[in-house]
Amino acid sequence: LASKAGSAGTNSKPPFPELDFRSGARVEELNKLIQEFTKHDQREYDDQRALEIHTAKDFIFSMLGMVQKLDQKLPVANEYLLLSGGVREGVVDIDLDELNVYARGTDYDMDFTLLVPALKLHDRNQPVTLDMRHSALCHSWLSLRLFDEGTISKWKDCCTIVDHINGATNYFFSPTKVADWFYDSISIVLSEIQKKPQRGMPKVEKVEKNGTIISIILGVGSSRMLYDIVPVVSFKGWPAVAQSWLMENHFWDGKITEEEVISGFYLVPACSYKGKKDNEWRLSFARSEVQLKKCISSSLMQAYQACKAIIIKLLSRPKAISPYHLRSMMLWACDRLPANYLAQEDYAAHFLLGLIDDLQHCLVNKMCPNYFIPQCNMLEHLSEETVMLHARKLSSVRSDPAEHLRTAIEHVKAANRLTLELQRRGSTTSIPSPQSDGGDTNQPDDRLAKKLQQLVTENPGKSISVFINPDDVTRPHFRIDDKFF
């Protein structure tokens with residue numbers, strides 16, 4: 001009886017607050033800090049800001065239409081993929097060590113990545129076989145033999161030429177030469193546009209070539225928008241090298257169809273650690289990742305965004321770990337852990353700690369498999385000294401996650417303050433508001449601005465796929481995930 005009374009008394013006590021064993025941090029406090037970070041990191045757009053986003057997007061698409069008309073190299077009716085977040089945010093797997101450092105708040109307020117197909121191979125109903133004989137895993141050369149004579153003639157000057165013993169000449173599409181051509185073409189077009197400025201036109205504040213991507217910062221009203229424009233090769237279908245991945249069980253099974261996941265892939269202009277920069281492209285599954293993102297719980301996404309903010313600052317020197325590595329680890333975690341566990345709304349702190357543990361595990365073992373091509377180890381090239389340096393830095397985060405979250409919160413609040421200060425100081429250039437003297441001509445933009453505001457509110461952090469005809473840039477053709485507008 002005494003024993004029962006004792007146990008009954010114990011059960012009546014309030015439960016002890018849940019603690020993180022390693023750091024001693026209260027899980028409840030970590031959850032609150034993640035929620036606070038999310039609140040400051042996710043900006044809400046009013047009608048004017050939504051209109052500014054639309055104006056910048058239209059300017060970029062009009063510019064690309066003019067690039068196409070310049071020498072007819074780009075496909076006439078092209079399909080772009082517009083992703084929220086710049087290349088530095090890890091939205092595509094491109095090396096960050098060649099990129100200039102831009103900071104939100106200081107250099108820009110919003111950032112996007114735009115994948116622009118220079119070439120399209122869209123007539124394949126079978127697994128796409130690429131020329132990987134000269135490349136590391138996850139990379140490929142691209143021979144223009146796959147294309148017609150007209151395409152070869154257009155792009156000959158952007159190729160490296162290999163003569164075979166039998167006298168045949170092979171043209172390999174060069175990512176570096178394509179990037180040089182793209183930067184030169186964009187510069188020519190922007191120079192022409194700026195000779196005849198129109199009222200309401202965005203101000204081009206910066207155009208820079210960062211490795212093989214072109215970064216453009218536009219000032220529109222009180223907003224500064226960074227566009228990282230990436231020339232790519234676009235494929236319909238699925239690469240043969242990733243075919244075995246489809247045979248495995250995945251977290252998205254039953255939530256989205258396989259057809260949605262394998263609708264297409266890209267080659268992006270990035271080479272392997274020992275690859276030949278002039279010839280080697282990297283496989284990118286950005287289109288598939290847009291679909292997979294729909295199956296990831298909001299609490300896990302919040303933890304991922306908070307973890308990303310911490311590691312971008314902490315692991316920036318030397319550049320060895322990118323947010324794309326963290327994204328891959330999150331996708332593996334989704335495959336590994338039960339869906340009902342990952343769906344828990346109040347588990348963001350557990351997910352954050354788990355992502356840090358995962359990243360540290362990958363560093364210590366120098367092993368981070370590509371999600372779509374698991375035999376490709378994305379950390380294989382790193383030295384022991386580099387991985388251990390970063391692992392030790394992560395150990396400090398794991399010992400005091402609350403403090404590092406507070407620092408991340410202060411950084412994002414500071415960036416928001418800089419943005420508000422810019423807005424208070426006035427516009428970099430003014431765009432007509434729906435109430436201005438433009439009359440009825442602004443009404444469609446007003447309606448679109450309201451629709452954009454609604455879309456942004458309903459679809460935080462989602463990506464936009466755009467179909468644009470350069471001969472008609474007046475109509476919006478864009479999709480947020482599976483919704484068309």
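Which residues in α8 are buried?

Modeller: This is a predicted model, in which local features need a pLDDT of at least 70 and side-chain atom pairs count only at pLDDT 80 or more, whereas totals for chains, interfaces and linings use all residues. Residues are numbered from 1 along each chain as its sequence is written, and side-chain values use heavy atoms, with hydrogens and water left out.

In α8, the buried residues are Ser299, Leu300, Met301, Ala303, Tyr304, Ala306, Cys307, Lys308, Ile310 and Ile311, where buried means under 20% relative accessible area, exposed over 50% and partly exposed in between, with a 1.4 Å probe and protein chains only. An α-helix has 3.6 residues a turn, so residues three or four places apart point the same way. Helices (H or I, at least four residues) and strands (E, at least two) are DSSP runs, numbered from the N terminus. Helix α8 covers residues 298-314, and because its 17 residues at 1.5 Å each should span 24 Å, the 24 Å between its end C-alpha atoms agrees; the expected span is 1.5 Å times one less than the number of residues. Helix α3 (residues 47-71) passes the check too, since its 25 residues should span 36 Å and its end C-alpha atoms are 37 Å apart, which agrees. Just after α3, Gln72 takes a positive phi of about 60°.

In β10, Trp281 is the bridge partner of Ser140, and the strand pairs with β3 (residues 139-140) in the antiparallel sense over two bridges, where two strands pair if DSSP finds at least two bridges between them. Strand β9 (residues 264-268) also pairs with β10 in the antiparallel sense, over three bridges, and there Val268 stands opposite Arg282.

Elsewhere, Arg104 sits in the loop between β1 (78-84) and β2 (110-121), and it counts as buried because its relative accessibility is 18%. Its side chain makes a polar contact of 2.6 Å with the side chain of Asn416; a polar contact is a pair of N or O atoms within 3.5 Å, and within protein one must be able to donate a hydrogen and the other to accept it, with residues adjacent in sequence counting only if both atoms are side-chain atoms. Beyond its neighbours within four places in sequence, Arg104 is in contact (heavy atoms within 4.5 Å) with residues including His40, Asp41 and Val412.

As for confidence, pLDDT is the predictor's confidence in each residue, from 0 to 100; its mean over the chain is 85, and 82% of the residues reach 70 or more. Over residues 466-477 the pLDDT is below 50, although this stretch has 32 contacts in the model beyond near neighbours in sequence. Over residues 481-485 the pLDDT likewise stays under 50, and the model has 15 contacts for them beyond four places in sequence. Where pLDDT is low, the predicted coordinates should not be read in detail.
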